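I opened my notebook to look up a few things in this structure. Here is what I wrote down, entry by entry.

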Amino acid sequence: MKLSGLKVLDLSAFLPGPHMTMMMADHGADVVMIEPANAVGEPTREIGWKTGDGVSVWFRNIARGKRSLKVNLKDPAGQKLVHALAKEADVFVEAFRPGVVKRLGVDYATLKALNPRLVYCSISAFGQEGAYAAKPAHDLTVQALAGLVDLNRGLDDGKPASPNMPVADMAASLMALSAILMALYRRHETGRGDYIDMAMYDAALSWTPNVTGPVFAEDAHPPVKDMRSFGGAAMYHVYETKDQRFLVLGGSEAKFTENLLTALGRPDLVTVALQEPGPKQERVRAFFRHTFASRTLEEWAAFLKDVDCCWAPVRTLKDAFDDPHTAARGLVFTDTDANRHIGMPIRFADEPGAPDPAVPGFGEHSQELARAAGFSEAEIADLIARKVI
């Protein structure tokens, strides 16, 4: 696989870091989860719904294919163990607030001195410096400060609503993966690793090119309800059907607009629908609201199947994962114990990834990793007795 032979130490938790390193494990990397030697370890082991074997679905979909090292980094012996592993590692990931890893003895300066080839990635809410650097935060806090919650306003009441997707988490996950692979590529030429300061806030803001127009062009707040991406365009909007279900129109190109309005017997509205989003398109939005409310979703599916336009039914997440197309794309698979997993979105023609559905028990590989790091059996017994591992 593409990352076979790559050694990754992951000190992060929850979603951005663990999701990113799971993608690396899916493609062959040897990923070690470094979990705190407390009662729980990785918090997602105990968060949310669990399958019959007692494993949380969240944990299963960020931890598969990894090994688990339970270690107390507040103990010098625990630091010594991680230092020994870091000497042989290619990548180190952490997601604490700035300053914590230095107190734990696993900061970049310390590990770089042991292994100059190490690519070290810090994922934090707001970065390692700046006014918000020390502020505690998860995805929702970051999205609020990045202006994304303000963009997520209800169509009826116009008030900000909680975003449904962890955009800051997942943007940071993908950008961290990109940054690490860039650094590894460059290391091939220079022999040197690098330090990556990956902020969720930075990642979230960088995902806004399609809605930043008013900010940069007019120094103004985005007029959310009138913008194309948020329902201001008649051809980019959510509509209710007769049976209280919903469909979306998701493409406002001229050809799609003409095809749909002609099929609906209103070619006279094409020029209106091609005007700028907002009040000028209200006539078309009103027509669509009235029209789509006149038939059931099933009836509209039959009507629209031969109309070349961007439309889709609004489905549940369960519906999406149950779709044969999802299975055909490998985006869901079932292991030998009948547990379903989210599949790999990255597909290669050669050397494709091969996800290992096994999830590690808490600290399952601690002794194995300590032996690999050169610790004797007596030293390992002492670490166990003192609850370092």
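**Terms first.** I call a residue buried when its relative accessible area is under 20%, exposed when it is over 50%, and partly exposed in between (1.4 Å probe, protein chains only). Helices (H or I, at least four residues) and strands (E, at least two) are DSSP runs, numbered from the N terminus.

**The model.** I am working with a predicted model, where local features need pLDDT of at least 70, side-chain atom pairs count only at pLDDT 80 or more, and totals for chains, interfaces and linings use all residues. Residues are numbered from 1 along each chain as its sequence is written, and side-chain values use heavy atoms, without hydrogens or water.

**Helix H13.** I looked up which residues of H13 (residues 282–292) are buried, and found Val284, Arg285, Phe287, Phe288, Thr291 and Phe292. They lie on the same side of H13 because they cover an arc of only 160 degrees around the axis, taken from the directions from the helix axis to the C-beta atoms. Arg283 and His290 are exposed on the face turned away from that buried side.

**Its neighbours.** What do the buried residues of H13 pack against? I noted strands S7 (236–240) and S8 (246–250), plus helices H11 (254–263), H12 (270–273) and H14 (297–304); contact means heavy atoms within 4.5 Å.

**Cysteines.** How many disulfides does a search of the whole structure find? I got zero, counting pairs of cysteine sulfur atoms within 2.5 Å. For Cys309, the closest cysteine sulfur is in Cys310, 7.1 Å away and too far for a bond. Cys309 is buried, at 11% relative accessible area, and Cys121 is buried at 0%.
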